[in-house]
Amino acid sequence: TKQLVGEDGVFLYRFETESTVYAALNKLLKERPEWKETSHESHFNLLIGERWKIPYARLGQGTTLRQVVNHYRATKDITIKALMVRTLRSYCDCSSLVDINELIPETYVCVPGGGLGDERETIDGSTDPNTIWICKPTAGAHGSGIAVVRGHEEALRRIDEAAPRASDAEPPKAFESAGPGDIWACSERWTKDGDSATGAEEPSGGEAKEAPPQSRRPAKGPTKRVALRPKPPKAWLMQRYLSRPFLLDGRKFDIRAVVVVTPQYQIYWYKQWILRMCSEPYTPDDLENRIKHISNHCIQTSSEH
């Protein structure tokens, strides 16, 4: 049976994120005598980490403590913006209780350049050209890349501009060793010293000759990194902007609430929550002024107010 607390009667937590969202939590835990921070890789009660870096498969190993983490596993269908939209659509298609238009404004998933999964062809061409849209990268954070524009054509232009040029594109991802079953990754196998191991060698005269059969076997030991094809551009959301948002003192705001969900799907609501306000009053014009339209605190820190 796993223990609830450590040997000295305190809860141990490990903090592995630079997210400002959890900075306040880290400060609070440091002030509480019943909590103690640890750097141990496996012996802890609580792990606060980045969503995609939590070692779920290793939890519970190498420790006598009960362990919890700050993210549920496999939640990307509701935490990635584009996938959340499609999840809500699927739910509404299967349910007669709610209509998708009651949950979110008119929304389209768009891919820079019109790639796989792009929904721009479903946009009504008769849409008022003065309609205001907000464009959001689905994998973004800190308000980065968000734009508020007028007209769906301008919105699509902004999204297409986000597609990386060939000269700016990140190098393709790679993995350390291509095993016998990884022939889809690369048509060549590379040895430890970088020479091709496809079965041909180049003599001093520059003319290739057939290599001995024994040299055609895959190289053993660590291999050179093998490049895979680059990932496609990240999807964006193109969403109809709310023309009459709920305001507080004339300013836009959002609320961040914290809940705990147990394995039995019991939900505990933390009574204190965070309210983030824009530092300038809202007006439906001046769309380039992100301070008025985006309440994300990373945007508001650049305000003079």
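Me: What order do the four strands of the open sheet have?
Reply: The order is 5-12-6-7, with antiparallel pairing. Keep in mind that this is a predicted model.

Me: Which strands stand at the edges?
Reply: Strand 5 (107–110) and strand 7 (147–150). Each has a single partner strand, so one side of each is left without a neighbour in the sheet.

Me: And how are neighbouring strands turned against each other?
Reply: By 25° on average, direction ignored.

Me: What holds strands of a sheet together, in general?
Reply: They pair through backbone hydrogen bonds, either parallel or antiparallel.

Me: OK, how many bridges join strand 6 to strand 7?
Reply: Four. Strand 6 covers residues 132–137, and the two run antiparallel. Trp 133 stands opposite Val 149 in strand 7.

Me: New topic. Which strands does helix 3 lie across?
Reply: Helix 3 (residues 81–94) lies across strand 5, strand 6 and strand 12 (236–240). It runs at about 130° to strand 5.

Me: Now the inside. How many residues has the largest nonpolar core?
Reply: It has 12 residues.

Me: What does Cys 135 touch, leaving out residues up to four places away in sequence?
Reply: Its contacts include Ala 147, Val 149, Ala 155, Ile 159 and Trp 236.

Me: What other core lies apart from this one?
Reply: One of 10 residues. Among them are Val 148, Leu 287, Ile 294 and Ile 299.

Note on methods. Residues are numbered from 1 along each chain as its sequence is written. This is a predicted model: local features need pLDDT of at least 70, side-chain atom pairs count only at pLDDT 80 or more; totals for chains, interfaces and linings use all residues. Side-chain values use heavy atoms; hydrogens and water are left out. Two strands pair if DSSP finds at least two bridges between them. Axes are lines fitted to C-alpha atoms, for helices over the stretch in contact, and angles run from 0 to 180 degrees between N-to-C directions. Contact means heavy atoms within 4.5 Å. A nonpolar core is a set of buried Ala, Val, Leu, Ile, Met, Phe, Trp, Tyr and Cys residues joined through side-chain atoms within 4.5 Å. Buried means under 20% relative accessible area, exposed over 50%, partly exposed in between (1.4 Å probe, protein chains only).
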